[in-house]
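Biologist: I am new to this model and would like a close look at one part of it. Please go through that part in detail and then place it in its surroundings.

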Amino acid sequence: MKTVKSQFKFKGGVHPDYNKELARNQPIEKLATPAELVISMSQHLGAPAKCLVKVGDFVKRGQLIGEKNGFISVCVRASADGKVKAIEKRLGPAGGMADAVILDTTAKEEALAEGTETPTPSAPKGPILPPLDWKTATKEELLKRVEEAGICGMGGAGFPTNVKLSPPPGKRCEYLILNGAECEPYLTADYRVMLERAPRIRLGVEIMRKILGMPAVRIAIEANKPEAIKAMEEAFADIEGNVEIVVLPVLYPQGSEKHQIYATVKRIVPEPPALPIDVGCVVENVGTVAAISDAVELGEPLLERVTTVSGDAVATPKNILAPCGTKYSDLVAFCGGEKIPPAKIISGGTMMGFAVSTLDIGTTKTTSGLLLLSPSRVFQYSSQACINCGRCLRACPMNLNPAEISKAMEADDVKTAEDAHVMTCIECGACSFGCPAYRTITQFCRRAKASIRARMAAERAAAQAAAEKEKQKAEGAKAN
Amino acid sequence: MKPKDTQEHFVLSSSPHAHADSSVSRLMLDVIIALLPTTFMGIFFFGMPAVWTILVCVATCVTTEALCRLAMGRNNTIGDFSAVLTGLLLALNLPAGIPLWMAIVGSVFAIGISKQVFGGLGMNPFNPALSARAFMLISFTGPMTTWLKPFWWRTPDAITTATPLATMKTWFAAEATASATPHGLCNSACCGVPSLWNMAIGNIPGCIGEVSAIALALGGAYLLWRKVITWHIPVTFLATVFVYSLFAGGAPAMMQVLTGGVMIGAIFMATDYVTSPITAKGKLIFGFGCGLLCMLIRQFGGYPEGCSFAILIMNAVCPLINRWTQPKPFGAK
Amino acid sequence: MVIAIVCIAGIGLVAAIALALADKYLAVREDPRIGMLTSVLPGANCGGCGFAGCDAYARALVAGTAPNGACAAGGDECAAAIAKILGVAAEATEKRVALVKCCGTRSEAIRIGDYNGICDCATAAMTAGGDKGCKYGCLGYGACANVCPKGAISVADGLAKVDKRLCIGCGKCVKVCPKKLIELVPASATIHVLCNNPDKGPNVRKVCGVGCMGCHLCEKNSGGKEAGHFTFQGFLAKVNYSNPPTDAMIVAKCPAKCMIEDAHFESGH
């Protein structure tokens, strides 16, 4: 085990104000189960889970309430005991509507006393899942555990972890990269996890190494987190094998998968649809790694996560360990409420987070932060013309031409945007961050990507329909 | 009846929710600040006519911008200072003694025809100040090439003179065509090569803002420090001019760089965002093209000075250069 | 003078011969029906038939790969003319026009945030689900108006409206609306429910003053369930356009005020 400095700097990147001092020294605090939980069936990337409960049901903490629905999907478990008050479409942090189970966690005692409802008989006692000994368990058992614990990438995208840990045939994972960069401004959740749960991360790494066939391990941490580097050095001091802590220069978006792979092992992931595994790498967020160790050793599924509640409009910024489905309003209340009336609420960090219209939204497995910004921290986008200054080109870590894409999309010219490789865009926001004309460059990229995806889906559907028709015709001909 | 709106309203926008705090007006202001040294030097050498020219150009540009936006029914954009900058740049590219009505016509052309007709800031294919200067050079050739001597008020007899480049051009032309010219007639002084010191501080005839190389370099350094411009265009432009004149003969290379519009062109005109390429590679090509065309015009063209036309021609090919030099995405084959 | 005349005449003669030869030997043989079809089609090139303009549709008709009633803009007359040219039976069409099923203007429906971004419905909907309190309602950023080939859609007070007289029923707006609240309805129908929110009444009332609460009064007043003028989706009444109601009285009696009886839609609320 050694600590090295990253030798490879990717092109572009920006230096936003990190504002991490607001919450970095706040130890993780556990939130008591709130009275109401809004547990979304779509907390991950891919198909939403299929709801298994109905209104009026009693559920126990850890009980499966949403079944994984397809290959790229993740199951959902109840994050507390309670009664299903409603199942309805709720607004998610990203602006989409998804089915959510509304759980009343206060109803249970009273209802049980009356005996009007029977608790689900299969309610587990003690550990929710039987603990596994990772040393003796097989690779398949471990993978199955990751899947049934409902673990998805906790860095933000929410990709199903069991899928990531099962490289397709013919591909081998050579490097397991632990993402501890946390380059998003304000957020300190991963930092606190590295500080306070270092042994869990180490155990998680050992389990993942076993699943992936003993790849080399690189732990990537930005240079502005010396305490986290120290904590990791201590935790991994006596680990066997090829393990290195890579200290990354402070640069946004250092936490982006592709850029982290470049900064740690100098490999370049080709354009989509290529994945990190195509260059022999698996990148996993430190929080996810800790969750894997909990799922295996303690039999504890992913039911709660650390969320940073920060911003200049919140009374006391905190890092809160809260059950998934905790409403944003409960998190804010736990931080002592609002110091000043916020002008913008962001789910996530300031660079890639989502602005939300209400605090009546439940957290998910990927909610890394909740920011309340005062009017002085909120700027307005404008519809000024591009002055061709080239700042977005210099800032773009994917080396795209955001100016051209934004100008094309202003004229609704998706074709030009596509030719300018907009599908490669990682939506990191570096272009809009530095734009002196305050143009909505990132939003134009999103719009281009959304319409290209919609067109591709329509083309796929049309091709499928045509194939069906052909088939029917052929069958008809045969019948005749 | 509309329900009662009880909830607080938050700003809903796409990420990112953080901004570097740079703005178009700040960038324009930085360029104006960078132009202040050369403006002062111009006023120092050419006196009150320079002051009047600058004031008239700036005022006319701002007024024209406001009137154009009003006429087009668009928002007023004088707050971004781009019109102030265009006015200042145009004035700095005019001879100090130009009749003021001509400066007004030029300013109206710069903003009205060269910028707002195309849709305003960001849309113009040609540098507004330069296209106005080219327009004036063709329309008012006499006044546009009548140069006040520095400190003209101290000279009792002729207050106007030719620029060093023009003198050189006439002399070389004469030498090339007439072998009858007695040898030894021309020494350095009568050829009009000023001393290096005079070229550097600007004690030579020329446009208000182009004479003082030191003041222009100071402004360039400020722009580089503030990261308003990158080194690509000025360095390749000046280097091309220098290297070309080393090999092509004619006037000394230092004189080619330090006199005429090369310094102000390379630092302030060719680096105009809107009309120069956006990629680093494109900027190198652009700078090289400007330098080369400028020298070709100086050597073979009808005008003693070709900097404005060189930049305008390169402005025209800028979209093509952008096409050629599209960046290759990270991870693309 | 004479030379000039001879020269010009000569050039003209040579060019004429070249053109005549080209016409004879390089002519593209085209089915004459294509030209005839193009002349009966409206020529709006709206794309509503699913082909890239009227000419493409005409070619597809001749090739036999398109139904003769696909031109919504031309309607019955056009279909009949096409059928006559092709010598087949006309397929029945009915003139259909677009209807924006929302009447929640800014003065009636609440907004829950200050949207700051690209002025486009789909993009606004991607940002926190849009700034309208009602998640089913018209955002009013005019994506439909932008694609309308006839300029029949206008946005006023945060709500899109279709002018029935200009609409040719091409259906482009139906495709582009992220909230899926534009429907092609028979032009002959005069009574419409202008709401798209299937939520329970109290929830609708929280966000909009003119939202359908699913009270079934319209159904009762139009002859009950048996009459079949309305269907219900959740707590949302929908006009059954194969059997539309005609009695204007039900509009006045709608307690939610989300119904209109209007020949042109453009007045509304």
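Modeller: Gly64(C) follows helix α3(C) and has a positive phi, near 80°. Helices here are DSSP runs of H or I with at least four residues, strands are runs of E with at least two, and both are numbered from the N terminus. The model is predicted, so local features need pLDDT of at least 70 and side-chain atom pairs count only at pLDDT 80 or more, while totals for chains, interfaces and linings use all residues. Residues are numbered from 1 along each chain as its sequence is written, and chains are lettered from A and ligands numbered from 1 in the order in which they are written.

Helix α3 of chain C covers residues 54-63, and its buried residues are Cys54(C), Tyr57(C), Ala58(C) and Leu61(C). A residue is buried if 20 or more other C-beta atoms, placed from the backbone, lie within 10 Å of its own, exposed if 12 or fewer do, and partly exposed in between. The cover over the buried residues of α3(C) includes α2 (32-40) and α4 (75-86) of chain C.

Now the surroundings. Chain C is divided into domain 1 (32-86) and domain 2 (96-261), with bounds from an automatic or database domain assignment. Between the C-alpha centres of domain 1 and domain 2 of chain C there are 31 Å. Six residues from domain 1 of chain C and seven residues from domain 2 of chain C make up the contact, where two residues touch if their C-beta atoms, placed from the backbone, lie within 7 Å. On the side of domain 1 of chain C that touches domain 2 of chain C, four residues are nonpolar, two are polar and none is charged. Ala, Val, Leu, Ile, Met, Phe, Trp, Tyr, Cys and Pro count as nonpolar, Asp, Glu, Lys and Arg as charged, and the others, Gly among them, as polar.

As a whole, chain C has eleven helices and nine strands. The radius of gyration of chain C is 26 Å, well over the 18 Å that the globule rule gives for 269 residues, so chain C is more spread out than a compact globule. That radius is taken over C-alpha atoms, and the rule is 2.2 Å times the number of residues to the power 0.38. Along its principal axes, the C-alpha trace of chain C spans about 90 × 50 × 30 Å. Of the 269 residues of chain C, 43% count as buried.
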